[in-house]
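Trainee: I'd like a close look at one part of this model, the place where the two chains meet. Could you walk me through it, and then show me a bit of what lies around it?

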Amino acid sequence: MKQSSKYFKACIVIFLIFLYAPAFLLPIFSFNDSKVIAFPLSGFSTVWFQELLYEDTLHDALRNSLFIAVSSSILATVFGTLVARASSRYQFFGQRASVTFILVPLILPEIILGVCLLTVLIQLGLNLNLWTVVLGHTLLITPFSTLIMVSAFNNLDISLEEASLDLGMSAVQTFRLIILPMVSPGLISSLLIGFVISLDEFIIAFFLTGVEPTLPVYIWAQFRFPAKLPSTMALGTILLIVSLILVSLFEYFRRRIELYNHYSMELDQK
Amino acid sequence: MTNGGGIQEGNIVDLISIQKTFDRIKAVNDVSIGIKEGEFFSLLGPSGCGKTTLLRVIAGFEVPEMGDVLINDKLVNSVPPNKRPTNMVFQNYAIFPHLNVAENVGYGLRNSKLDKNLLQKRVRETLNLVGLDGFDNRSSTALSGGQRQRVALARALILEPRVLLLDEPLSALDKNLREQMQFELRQLQKSVGITFVLVTHDQTEALTMSDRVGVMFDGNVDQVATPEDIYNKPRTKRVASFIGSMNFFDAEVSVRQDNSIIALNNNLGKIRLKKESVFGMEGSKLSVGIRPEKFKLISNDNKEAGRAVSAIVYEKSFLGQTKLFNLRFKDSENVITVSTSDLKNAPNPHIGDAVKFIWDEEDLVGFYEE
Amino acid sequence: MSFSEQDKKGWRLLGLPFIFSLLLLAVPLATMFALSFWTQDYLVLKKTFTLANYKQAWFEPVFQTLFTRSLLISFTVTVFTIIFAFPVAYFISFYGGKRKALWLFLITIPFWTSYLLRMFLWKVILGYNGVLNSFLEWIGAITEPLTFLLYNSNAVVLALVHGWAPFAILPIFVSLEKIDRSLLEASNDLGDTAFKQFFRIILPLSMPGVVGAVLIIFIPTIGDYITPKLVGGPEGLMIANMIQVQFSKANNAPLAAALSVTSLLIVGSISILFVLLNKKHLRNY
């Protein structure tokens with residue numbers, strides 16, 4: 001037992017190094033005082049970060065991405081909440097099939113989503129703009145939001161709502177005092193993860209954006225210019241840190257859901 | 001049915017011809033019950049008999065398709081749960097996990113516009129009532145089963161409901177705690193004087209705690225009576241076999257007299273029953289029941305041996321205060337159970353021995369078979 | 001047929017998101033399917049039914065090569081990812097102790113950071129003047145930069161395994177967690193060695209997770225666009241790159257649609273076959 005435990009621990013450590021090693025290069029080379037991404041390192045510099053301050057196209061792209069990420073994560077969270085509430089509270093005709101259908105974008109190759117959506121937009125003669133990306137991202141994020149919200153609603157035992165009504169509260173009060181606080185960790189998790197996914201998503205944005213690039217589309221364009229590499233690394237470092245903060249927050253709220261889940265599981269066993 | 005139904009003086013809850021159907025299955029079928037102000041009333045029955053549905057009808061969570069619900073002589077059919085003078089202790093207690101103990105207990109007083117200090121005082125008093133002193137700031141996710149149940153009780157009692165509804169409140173607790181809580185609940189009911197309506201599938205629980213018990217099967221109430229009457233004078237065969245254990249004998253009615261009925265059974269011979277303890281649609285076939293402890297084993301030299309019946313012991317077991325004997329009749333597959341708590345004086349036959357036993361006619365109940 | 005109260009209430013909530021998915025998923029998929037039977041002459045679409053696109057997609061060597069390569073890459077990535085992910089999931093589930101959640105969090109973090117950047121970093125790492133070559137030259141392990149690192153299928157496989165591994169660990173972990181530990185004690189008690197126990201109890205019971213992981217990786221990777229474009233070179237391009245080219249530069253949307261439908265058919269049928277083959281493991285779950 002002891003022996004195999006060590007073997008597995010070695011496995012997971014190697015795995016984590018493999019998983020994280022590329023990401024470590026981002027900060028290393030974004031502070032490196034050289035135009036070439038190569039060893040040996042030549043010296044410490046923050047010049048690549050400063051360069052980012054004067055990139056107007058970057059700032060526009062950032063603004064576009066923020067708009068898209070905020071809008072699509074809110075939309076997806078609304079949809080996910082509706083699906084989760086429907087499937088956790090009611091048993092209805094076509095429930096399984098329709099919920100599964102809503103989850104399909106989870107495994108569909110993104111290129112196919114992108115091509116499909118673009119085909120329809122072209123057929124309809126619609127102009128591509130930020131809103132078309134918002135729609136595409138909402139479609140992509142809704143499955144994630146749905147899964148998170150289903151988990152959040154699962155711990156909302158129906159008896160809690162009934163108890164609140166029984167103790168004299170109105171339906172509105174019950175929503176405000178019981179339902180909302182109970183599922184709010186889920187709502188926040190869903191918003192955070194939706195935001196992160198949208199902010200990082202490239203292909204759908206690549207297909208559906210018009211003349212206004214998103215952040216990943218901007219970064220993609222930078223890849224062609226070797227001279228832009230170090231500042232792209234600097235941008236990557238910032239994105240990495242933002243993602244880390246958001247994901248850590250997400251993790252914090254996800255654990256809140258689990259705490260409630262654990263509690264309601266105890267309820268179920270009785 | 002005369003189930004104590006119909007509006008009567010002193011009733012706090014009147015259920016009149018209630019019917020509730022789920023997916024074409026009648027969960028509650030034309031039930032009428034009157035619950036008296038201040039009593040401890042239990043709805044007892046096997047799972048799926050409709051007892052919880054009936055409780056939820058009183059609470060207002062289920063709206064019956066037919067019949068009327070009266071609480072305190074007011075028709076409340078269309079009154080939602082939050083406007084009824086009833087409160088409920090849920091089977092899983094439904095303690096709000098995002099609120100602490102005091103917030104849970106004070107939850108229902110949010111709308112009362114009570115001064116904050118006064119509210120705190122009320123919460124403390126109620127926690128004291130259920131034996132949870134000093135639990136105010138505990139997280140509700142860190143409570144034991146028994147503590148959760150007390151919080152649920154406090155949360156409902158603080159609103160001083162006219163009727164407290166309890167849905168299998170003790171089923172989640174282990175045996176020792178359950179027995180303790182049975183006692184405490186009874187004491188609590190006496191001290192607060194509120195009408196308690198308890199739903200349970202546990203006959204001991206219903207019999208020990210209640211003033212009156214309603215026994216339900218398949219959406220019907222078979223009998224509403226005191227625990228003693230439920231046990232000694234069951235109205236239907238279902239009630240008789242659900243409560244305690246009972247020996248049944250098929251018998252053929254031979255003579256009807258003014259006060260009694262004489263029936264014949266292969267093993268017991270001629271049986272005389274009191275007319276008032278025979279129930280059901282009159283017919284010729286009868287199922288005669290008698291509790292194991294109502295049979296009396298006697299020795300051969302007993303002066304009553306003349307009217308005794310004999311059988312052979314094929315199994316015996318010792319249960320502490322009582323002894324159980326399973327007897328088999330000669331030339332018959334029929335088996336009966338006899339129990340005795342008179343360990344000193346009663347005969348103590350061995351397996352394989354022939355024994356004699358007698359019974360009193362007032363301990364027999366009879367049910368006409370369809 | 002009549003609708004119950006539950007049906008009505010459920011659909012009142014589900015209606016909006018369902019219609020959204022219908023409009024943005026079902027309608028586009030159907031449109032693409034229709035498009036694949038049409039032809040495009042420069043910018044004009046001819047809506048007469050033809051199988052020409054499929055004839056081209058299925059029988060022209062360029063596309064055949066791309067489909068074969070894409071499948072091969074996806075397949076290799078799936079196999080390597082599972083081999084890689086299983087011991088990690090196993091460790092977390094059986095030896096994670098109280099830190100299971102922390103381990104899982106550490107593993108999922110990279111997944112939530114930019115996929116685009118992660119794939120790009122592989123290009124930076126494996127390039128001729130890249131991090132790895134310069135590092136090896138610096139420490140004196142090599143004198144000439146290694147050229148076989150970048151711009152081939154292997155580079156694509158490596159980057160994709162890196163990108164999708166966290167996705168494989170979660171479903172396998174979940175199914176390992178579901179294994180009743182008393183079953184393991186029972187098998188020990190009945191004389192199984194650790195080795196036998198793994199193949200007779202743990203592996204069969206964790207198959208639902210493995211199957212889930214396979215589907216989650218195999219289906220999307222076949223349509224990956226970024227990775228082959230960044231690290232594949234001409235020898236490592238995959239079908240998604242061709243779909244994009246046909247759709248935009250070549251102005252042949254119908255062919256792109258036919259290629260898309262074909263790749264969906266291929267992954268779809270392989271996945272269904274795979275699930276059917278594992279049916280005996282998936283029963284009772």
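Mentor: Here is a walk through the interface, followed by a few spots elsewhere in the two chains.

Keep in mind that this is a predicted model. Let's begin with the contact between the chains: 23 residues of chain A are in contact with 27 residues of chain B. As for size, an interface is often described by the accessible area lost when the parts come together. Here chain A and chain B bury about 2400 Å² between them, and 60% of that is on carbon and sulfur atoms.

Now the polar side of things. Between chain A and chain B there are 11 residue pairs in polar contact, counting pairs with both residues at pLDDT 80 or more. The rule finds one salt bridge across this interface. E162(A) makes a salt bridge with R56(B), and their closest N and O atoms sit 2.5 Å apart.

Which parts of chain A do the touching? Helix 7 (158-166), helix 8 (171-200) and helix 11 (229-269) of chain A each supply at least two residues of the side that touches chain B. Helix 7 of chain A gives the most to that side, with seven residues. Sorted by type, the residues on the side of chain A that touches chain B come out as 12 nonpolar, six polar and five charged.

A234(A) counts as buried because its relative accessible area is 0%, under the 20% cut-off. Leaving out residues up to four places away in sequence, A234(A) touches S30(A), W48(A), F49(A) and L52(A).

W48(A) turns up again among the contacts of N32(A), alongside A38(A), L41(A), S42(A) and G43(A), with neighbours within four places in sequence set aside. You'll find N32(A) in the loop between helix 1 (2-30) and helix 2 (47-53) of chain A. Although it is in a loop, N32(A) is buried, with a relative accessible area of 2%.

Over in chain B, have a look at the open sheet, where six strands run in the order 13-12-11-15-21-14 with mixed pairing. Strand 13 (269-274) and strand 14 (278-279) of chain B are the edge strands, each pairing on one side only. Inside that order, strand 15 (residues 285-290) and strand 21 (residues 365-368) of chain B run antiparallel and are joined by four bridges. To pick out one position, L286(B) stands opposite Y368(B) in strand 21 of chain B.

Notes
Residues are numbered from 1 along each chain as its sequence is written. Chains are lettered from A and ligands numbered from 1 in the order in which they are written. This is a predicted model: local features need pLDDT of at least 70, side-chain atom pairs count only at pLDDT 80 or more; totals for chains, interfaces and linings use all residues. Side-chain values use heavy atoms; hydrogens and water are left out. Buried means under 20% relative accessible area, exposed over 50%, partly exposed in between (1.4 Å probe, protein chains only). Contact means heavy atoms within 4.5 Å. Buried area is the accessible area (1.4 Å probe) that two parts lose on being put together, summed over both. A salt bridge is a side-chain nitrogen of Lys or Arg within 4 Å of a carboxyl oxygen of Asp or Glu. A polar contact is a pair of N or O atoms within 3.5 Å; within protein, one must be able to donate a hydrogen and the other to accept it, and residues adjacent in sequence count only if both atoms are side-chain atoms. Ala, Val, Leu, Ile, Met, Phe, Trp, Tyr, Cys and Pro count as nonpolar, Asp, Glu, Lys and Arg as charged, and the others, Gly among them, as polar. Two strands pair if DSSP finds at least two bridges between them.
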